[in-house]
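Subject: Handing over a structure, with notes

Dear colleague,

Please find below the structure that I am passing on to you, followed by some notes on what was found in it.

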Amino acid sequence: MTSSRGPAIAMFLVAAFEFLLGVGFLIGSALVPEVHETFLVVGGLLAAGGVVLLLIGFRFNRRYLMAQALRANGVRGTAQVLAARQTGVTLNEQPQVALNLRITAPGHGTYDATVKEFVPLIALGMLASGQALTVLVDPQDRTRILVEWSFATPFAAPAAAAGPVAPADPAEQARIKAQILATGIPGVARVLSAEFAGSLDEQGRPLYSVQLHIQITGRPAATGPAVFAVPLERVSVMQPGGVIPIKADPHDPRRFAADWDRLTEVA
């Protein structure tokens, strides 16, 4: 399912353009005898392609409406990922993944199901981390399932994002980090695993790909992946069991920044 109507609208627009272009060629084939056969074939193909794209657009729109219905009426449950494989299809640079899930939801008990979902790049690490996913299930039809990726990605590292997240302007990153450190809610991130990503940021700091257990004051604990830069004098903490002081955006729990100046306080 898709949480956005954008793909359907885009498909409708392309379908309309292609269909009208095809009709134009068909009209031209009747008006210009010299190119009658060529325009007839091209026009027919374009018009047929427009119809196919229109049908695909209706399919995307139907999935969007189903997702909206589940958000309004679905029962919230949890899902354990048993297996995951990419299908080779992408949408808005998000890969489609076939997920074998073990779902537990009120009214349905525990059961296994397979769904295909377009997964945000930042959430791909969740599929192998063992963290439970949040799902919405149709109360009447347990095969209708929507994975809530907003719950599967409880945090990100906007101040030093890299890897799967599109890089932001360095000045904007610095501004966001300073704002979070000044107004954010304190917490700690415990390193479950850490690996040098093989590159440096614009300040020459090594980038690490990590799995973290996040504990923020007043919020439930969360576990998940992040990629961020580490000051050279702090790289010793990037090992299992290391503790990193952080501050989280008070308005968006997915955004946090490492507060390296407080490292000695929580070590």
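Which residue forms a salt bridge with E148? The partner is R71, and the closest N and O atoms of the two residues lie 3.0 Å apart, where a salt bridge is taken as a side-chain nitrogen of Lys or Arg within 4 Å of a carboxyl oxygen of Asp or Glu. The pair links distant parts of the chain, since E148 sits in the loop between β5 (145–147) and α4 (149–152) while R71 belongs to helix α2, 77 residues apart.

Before going on, please keep in mind that this is a predicted model, in which local features need pLDDT of at least 70 and side-chain atom pairs count only at pLDDT 80 or more, whereas totals for chains, interfaces and linings use all residues. Residues are numbered from 1 along each chain as its sequence is written, and side-chain values use heavy atoms, with hydrogens and water left out.

As for the chain overall, its secondary structure comes to 6 helices and 10 strands, which are DSSP runs numbered from the N terminus (helices being H or I with at least four residues, strands E with at least two). Of the 267 residues in the chain, 42% are buried; here buried means under 20% relative accessible area, exposed means over 50%, and partly exposed lies in between (1.4 Å probe, protein chains only). Among contacts between residues at least 6 apart in sequence, 60% join residues at least 24 apart, a contact being heavy atoms within 4.5 Å. The accessible surface comes to about 14,200 Å², with 59% of it belonging to carbon and sulfur atoms, and such areas come from the Shrake-Rupley method with a 1.4 Å probe, where for residues only the protein chains shown count as cover.

To return to the salt bridges, the count comes to 4. In the pair described above, E148 is buried at a relative accessible area of 7%, whereas R71 is partly exposed at 36%. Another pair is R102 with D112, whose side chains meet at 2.8 Å, N to O; this one joins strand β2 (residues 94–105), which holds R102, to strand β3, which holds D112, 10 residues apart. R102 is partly exposed with a relative accessible area of 37%, and D112 is likewise partly exposed, with 45%. There is also a salt bridge between D259 and R262, with the closest N and O atoms 2.9 Å apart; D259 is buried at 9%, and R262 counts as buried at 17%.

Leaving aside its neighbours within four places in sequence, P186 is in contact with I216, T217, I246, K247 and R262. P186 itself is partly exposed, with a relative accessible area of 36%, and its C-alpha atom is separated by 8.9 Å from that of Q215, 29 residues apart along the chain.

Finally, the surface carries a nonpolar patch of about 560 Å², made by F19, L20, V51, L54, L55 and F58; patches are made of residues with over 30% relative accessible area and no salt bridge, nonpolar side chains (Val, Leu, Ile, Met, Phe, Trp, Tyr) being joined within 5 Å and like charges within 9 Å. Helices α1 (6–31) and α2 (36–73) each supply at least two residues of this patch, and the largest share, 4 residues, comes from α2. L20, which has its place in helix α1, is exposed with a relative accessible area of 60%.

With kind regards
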